[in-house]
Amino acid sequence: MSIQTALDGICRYFGGPYDPPTRTYRTSPLAQYGVGVVRRGWPKRDDHADYFHGQQPGARTGCQIVVYIPRSTETRFAVGGATGGHKNVLYEVQLCCYIRSRTPHAEDAQDDVYALRDALVTHLRADRTLGGAVFEAGEAVDGGSGSVDFEYGQPETKAELTKSFLLMTFPALEIVQA
């Protein structure tokens with residue numbers, strides 16, 4: 001396994017199968033909460049339609065998630081000989097959720113952000129392996145933090161569009177047997 005494999009698996013868990021032509025994951029199991037596409041990198045062009053992809057016409061709030069791994073740590077455990085043992089690779093995973101809302105009231109858009117947060121937590125709790133992408137996610141590892149953390153951006157409204165940001169951070173562990 002590699003960081004690219006883990007990243008792809010996490011994107012698949014939150015975004016569905018990979019779509020090579022668009023370089024996105026476009027059939028999210030969280031579409032009912034506004035997730036249009038999931039990406040494993042930031043796009044060169046911000047297409048407003050991606051936020052609302054797969055939703056009903058007139059959907060009020062849409063989201064584009066970029067999965068980012070800014071940091072990883074490898075801990076090694078030697079067992080029986082020069083090469084035997086295993087390695088724990090701990091990834092810091094960030095779900096960068098960019099939100100666009102056409103609600104008449106900004107307060108409703110903020111409520112949609114909170115609903116998305118709750119849906120992300122429920123989905124994370126449903127399978128700690130994230131569909132087999134990692135050994136476990138959001139759990140305490142080797143005495144470290146098993147927390148799932150959230151940061152909320154201040155909503156910004158312009159031309160009847162409310163933009164917001166939600167950052168979800170959690171650890172994900174991969175175990176490599178040698």
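Where is the place of Ala-159? Ala-159 sits in the loop between strand S8 (156–158) and S9. The model is predicted. My notes on this loop and on other parts of the structure follow.

1. **Ala-159.** The backbone here deserves a look. Ala-159 is not a glycine, yet its phi is positive, at about 50°. The residue counts as exposed, because its relative accessibility is 74% and the cut-off for exposed is over 50%.

2. **Arg-23.** Arg-23 belongs to the loop between strand S1 (18–19) and strand S2 (24–25). Buried or exposed, at 52% relative accessibility? Arg-23 counts as exposed. The cut-off is over 50%.

3. **The largest nonpolar core.** This core has 36 residues. Phe-14, Leu-95, Leu-120 and Leu-130 are the ones with the most contacts inside it. Two or more core residues come from each of these elements: helix H1 (3–15), strand S3 (35–39), strand S4 (61–78), strand S5 (85–101), helix H3 (106–126) and strand S9 (161–177). In soluble globular proteins, nonpolar side chains tend to be buried together.

4. **Leu-130.** Which residues does Leu-130 touch, leaving aside those up to four places away in sequence? The list is Gly-9, Ile-10, Tyr-13, Phe-14, Leu-124, Ala-137 and Phe-170. Phe-14 is, with Leu-130, among the residues with the most contacts inside the core.

5. **Strand S3.** How many of the 5 residues of S3 are buried? The count is 5 of the 5, so the strand is largely enclosed by the rest of the structure. S3 pairs with S4 in the parallel sense, over 4 bridges.

6. **Cysteines.** The structure holds 0 disulfides. Cys-11 is in none, and its nearest cysteine sulfur, that of Cys-96, is 11 Å away. Cys-11 counts as buried, at 0% relative accessibility. What is the closest cysteine sulfur to that of Cys-97? That sulfur is in Cys-63, 4.6 Å away, which is too far for a bond. The cut-off for a disulfide is within 2.5 Å. Cys-97 counts as buried, also at 0% relative accessibility.

Methods. Residues numbered from 1 in each chain as written. Predicted model: local features only at pLDDT ≥ 70, side-chain atom pairs only at ≥ 80, totals over all residues. Heavy atoms only, no water. Core = buried A, V, L, I, M, F, W, Y, C linked by side-chain atoms within 4.5 Å. Buried < 20%, exposed > 50% of the residue type's maximum accessible area, 1.4 Å probe, protein only. Contact = heavy atoms within 4.5 Å. Pairing = 2+ DSSP bridges.
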